Every structure is written in structure tokens, then in C-alpha cells.
Amino acid sequence: MRLLATFIVATYAILPHGDCTAGPLTTTKTPRDVPVAAAKPIRVEAAWIRAAPPGAMTLSGYMVMRNDGTRPVRFKSAQSDGFGMVELHRSLVVNGVSMMRPAGAQSIPPGGSLQFEPGGLHLMLMQPNRELKIGDKVRFQLNFDDGVAVDVVAQVSADPPTATTH
């Protein structure tokens, strides 16, 4: 019994204490390079939203998803409290005319990546719940077929983030 009491006191001493009702978790990490938990094979880099004119009802989101795992993963959808709808689209040119089409789920092979970029694959962000300005941040949840969900924060910017070397 004494050993159990010592264990409980020691455990309490090393665990963080906080008000569990304090509200949503916030982060001070840069939104352009948000790491994910080690158990999740997906890593997201350079997440950003292209700035749009005031009153715009549609914006585009970009990023790079990397599969650091040993099995293929399949990205199926995204959602955000910042937008009424988020869809996966691809820009393409057909008979000389630029257009966008829903892209559907996308597979990422082990060690591979999926590039979301202007003029290609992107998140179509519709019905923003507030006007977004350069520097604003928006949280997304990326959903995969295996049930894994990855949280990402993207920053509104006029230009893509500059590449970084590691």
C-alpha cells in the first residue's frame, strides 16, 4: 500500500497540472511547418492559404504531405471550422480552357509526397466564416482512409512560403 501511495505521489509530481476546462489547445509553433505525432506517418510542410480580395467567398489552400511510413496512405478529405466547405480540387487545362475539377481521394506511397500547389492539386476553401487577412492562421483537419486525422495550421499569405533546408 505504501508503495502504491509513493507511486501516485511521484506520478502526480511529474505530470502537468492545468485546468482541463480552459478551452481549446493552442500552439506557438509556426504554421508553415507543423509536425505531427510520431505514431502518424504523415508530415505536413509549407501549409498556406493564398490571400484573396476582400469579400472573396472562395480561397485555395496549399501544402506538401509526406508519407514517412512504410505503407501507402490515402488522403480522403479535409475540414475546417474556418470554412463552410473544404473540397479537394485539381486545376487543369482542357482544350485550351483552364478549369477545376474535384480530385477525389489521393494515395501517397511510402516515402512519397503529395504536392498541393497553385495550378494543380489544392484545397478549395469555400464560405469563409470571417474575412481573412495576410498573416491570419486557420486550422484544418486532414482525414485519411485508415481513420488517422492530422491537424494542420495554415497561414494566409500573398506568396508561397520560401523553401527551407534541413
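I count two strands as paired if DSSP finds at least two bridges between them. Helices (H or I, at least four residues) and strands (E, at least two) are DSSP runs, numbered from the N terminus.

**Entry 1: ground rules**

I am working on a predicted model, where local features need pLDDT of at least 70, side-chain atom pairs count only at pLDDT 80 or more, and totals for chains, interfaces and linings use all residues. Residues are numbered from 1 along each chain as its sequence is written, and side-chain values use heavy atoms, with hydrogens and water left out.

I looked up the confidence. pLDDT is the predictor's confidence in each residue, from 0 to 100. The average for the protein is 80, and 74% of the residues score at least 70. Over residues 1–38 the pLDDT is below 50. Beyond near neighbours in sequence, I find 26 contacts for this stretch in the model (contact: heavy atoms within 4.5 Å).

**Entry 2: overall layout**

I list one helix and ten strands. The order along the sequence is α-β-β-β-β-β-β-β-β-β-β. I then took contacts between residues at least 6 apart in sequence: 66% of them join residues at least 24 apart.

Next came the surface, by the Shrake-Rupley method with a 1.4 Å probe; for residues, only the protein chains shown count as cover. The accessible surface is about 10600 Å², and carbon and sulfur atoms hold 57% of that. Of the 166 residues, 31% count as buried. Buried means under 20% relative accessible area, exposed over 50%, and partly exposed in between (1.4 Å probe, protein chains only).

**Entry 3: strand β8**

I checked β8, residues 121–128. Seven of its eight residues are buried, so the strand is largely enclosed by the rest of the structure.

Which strands pair with β8? Strand β2 (residues 58–67) does, in the antiparallel sense over four bridges. Here I see glycine 61 opposite leucine 123 of β8. β4 also pairs with β8 in the antiparallel sense, over seven bridges. There, histidine 89 stands opposite histidine 122.

**Entry 4: aromatic pairs**

I searched the whole structure and got four aromatic pairs. Rings of Phe, Tyr and Trp (its six-membered ring) pair if their centres lie within 6.5 Å; planes under 30 degrees apart count as stacked, over 60 as edge-to-face and the rest as tilted.

One of them is phenylalanine 75 with phenylalanine 116, edge-to-face, at 5.9 Å centre to centre and 75 degrees between the planes. Phenylalanine 75 is in strand β3 (residues 73–79) and phenylalanine 116 in strand β7 (residues 113–116), so the pair ties together parts 41 residues apart in sequence. Both phenylalanine 75 and phenylalanine 116 are buried.

I then took phenylalanine 83 and phenylalanine 140. Their ring centres are 6.3 Å apart and their planes lie at 15 degrees, so this pair is stacked. It links distant parts of the chain: phenylalanine 83 sits in strand β4 (residues 83–94) and phenylalanine 140 in strand β9 (residues 137–144), 57 residues apart. Both phenylalanine 83 and phenylalanine 140 are buried.

I also note one aromatic cluster, formed by Phe75, Phe116 and Phe144.

**Entry 5: glutamine 106**

Is glutamine 106 buried or exposed? Its relative accessibility is 13%, so glutamine 106 counts as buried. I place glutamine 106 in strand β6 (residues 106–108).

A polar atom of the glutamine 106 side chain lies 3.3 Å from the backbone oxygen of glycine 104. Leaving aside neighbours within four places in sequence, I find glutamine 106 in contact with Val73, Arg74, Phe75, Leu88, Arg90, Leu114 and Leu121.

How values were computed. A polar contact is a pair of N or O atoms within 3.5 Å; within protein, one must be able to donate a hydrogen and the other to accept it, and residues adjacent in sequence count only if both atoms are side-chain atoms.
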